[in-house]
Amino acid sequence: MNGILLALEGVSMALEAIRGNKVRAALTIAGVAIGVFVVVAMGAVVNGIRASFQQDLEEIGATTFIVQRRGSGINACDGTDENCPDRRNPPISFAEWDMIRRLPGVQEVIGTMAGQANFAYRNSRVDNVGYDAYSVEWPAVNASDIAPGRNFTRAEYEAGQPVVLLNDTLKAQLFGDSEPIGKPVTISGRQFTVIGVYNPRAGFLRSLEGRGPETPRAIVPTSTAVRQLDAFRGSLTLMVRPRSDISQAEVMDEVMASMRARRGLRPSDRNTFYLVEQDRIMDTFNQLFGTIFAVGLALSAVALLVGGVGVVAIMMISVTERTREIGVRKALGATAGTIRWQFLVEAATLTSIGAFIGLAVGALLAWIIRSNSSLPASVPTSIMVTAVLASAVTGVAFGMLPALRASRLDPVEALRHE
């Protein structure tokens, strides 16, 4: 109980110091608040991006993995063959796609490519529109509703028919409020028929890649993209979905063995392709954004250091101004530990006020981002606890010197102080 009373007295002293030294206290609190705000804001944004990214991966399927020409990760590729060996990898071929589709452990294989083209309808024209080229099964890995219209059929895909689906944004830019289904559009000089309008799910990473609902985009069959739009075959990527009764690891081993055999690789040769499962994609994400978050922590540490220097300054002034008071309290029986505890509580109170202000502003920013964008920004509990603890530790660490000075004052000399 005595400790609680001393703590409350320390808080009261801190509030009194704030009232008596508004400018100095404001600078101290601001430094801590900025540091905490940086941590909270960075944590909210990274957490939101991670949630969006995780949702995108879940759409593909928990066991689905990717077969691609190059690896995905952070490396020091400078364009040379030595540091970028993947540049020599042959592209994934349509024959390899067909081979993987026939493997007994594979349920389906979705091929995807991407490109750009100019779209036109009568007097309306939209240049440099990105398009995705998919196989028939694409709705299984792309959370998009098709309304109005339909997906292209297997027969249309096999024949390479010039059919296209537009997203809402591209449809509005070309057709306005009129019905687009069945109407012809010109794509880079070739005539296509609109068979559907799709509505992609909003997501931060989709928007970042230009695949969000706000960006004009289209979908065509992969076969049509190759035959009529001269799409680059080397960009082909395969999404492999294993059968439900077979593990992902078994199917990946099966695909790897088949690919190596088809490419004539000897046991000592490295793979000239990559199999990427979701865990590896998440590892790459965590590596990238972990680095960004570390930079944010470094910036916040500088702000906390500024706040800590402010704590030392304001607490030293407080000790000087209350020297006689400290002498009276020691004469009445207060121990050095009691004096030291009260001043440490005062310092921690100052930094905690800054922490809660930084938390409030950071949480407000996360709410604004979440309300006005597709990024589900939120402040994790761990970030909030870490921010408060960091501010309290800053207060104790930088308040220790003034607290020790106060606790070591000689009561006789302190009573003589004017």
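Predicted model: local features only at pLDDT ≥ 70, side-chain atom pairs only at ≥ 80, totals over all residues.

**Salt bridges and their surroundings**

Modeller: E158 has a relative accessibility of 48%, so it counts as partly exposed.

The partner of E158 is R154, and their side chains meet in a salt bridge with an N to O distance of 3.8 Å. R154 has a relative accessible area of 38% and is therefore partly exposed as well. Both residues belong to helix α4, which spans residues 154-159, and they are four residues apart, about one turn of the helix.

A further salt bridge joins R150 to E156, with the closest N and O atoms 2.8 Å apart. Here the two partners fall into separate classes. R150, at 36% relative accessibility, counts as partly exposed, whereas E156, at 15%, counts as buried.

The pair R217 and D132 also forms a salt bridge, at 2.9 Å from N to O. R217 lies in strand β8 (residues 217-221) and D132 in strand β3 (residues 124-134), so this pair ties together parts that are 85 residues apart in sequence. R217 is buried, and D132 is buried too.

Salt bridges may also be linked to one another: D98, R101 and R102 form such a network. By the rule applied here, the structure has eleven salt bridges.

Helix α3 (residues 94-101) packs with helix α8 (residues 248-262) at an angle of about 140 degrees, and their axes are 10 Å apart. That angle makes α3 oblique to α8, since angles over 145 degrees would count as roughly antiparallel. The crossing of these two helices is right-handed. On the α3 side the contact is made by A95, E96, M99 and I100, and on the α8 side by V255, S258, M259 and R262. The residues of this contact comprise five nonpolar, one polar and two charged.

W341 and S407 are 66 residues apart along the chain, and their C-alpha atoms are separated by 9.0 Å.

Notes: Residues numbered from 1 in each chain as written. Heavy atoms only, no water. Axes fitted to C-alpha atoms, helices over the stretch in contact; angles between N-to-C directions. Parallel < 35°, antiparallel > 145°, perpendicular 65-115°, else oblique. Left-handed = near helix turned anticlockwise from the far one by under 90°. Contact = heavy atoms within 4.5 Å. Nonpolar A, V, L, I, M, F, W, Y, C, P; charged D, E, K, R; others polar. Salt bridge = Lys/Arg side-chain N within 4 Å of Asp/Glu carboxyl O. Buried < 20%, exposed > 50% of the residue type's maximum accessible area, 1.4 Å probe, protein only.
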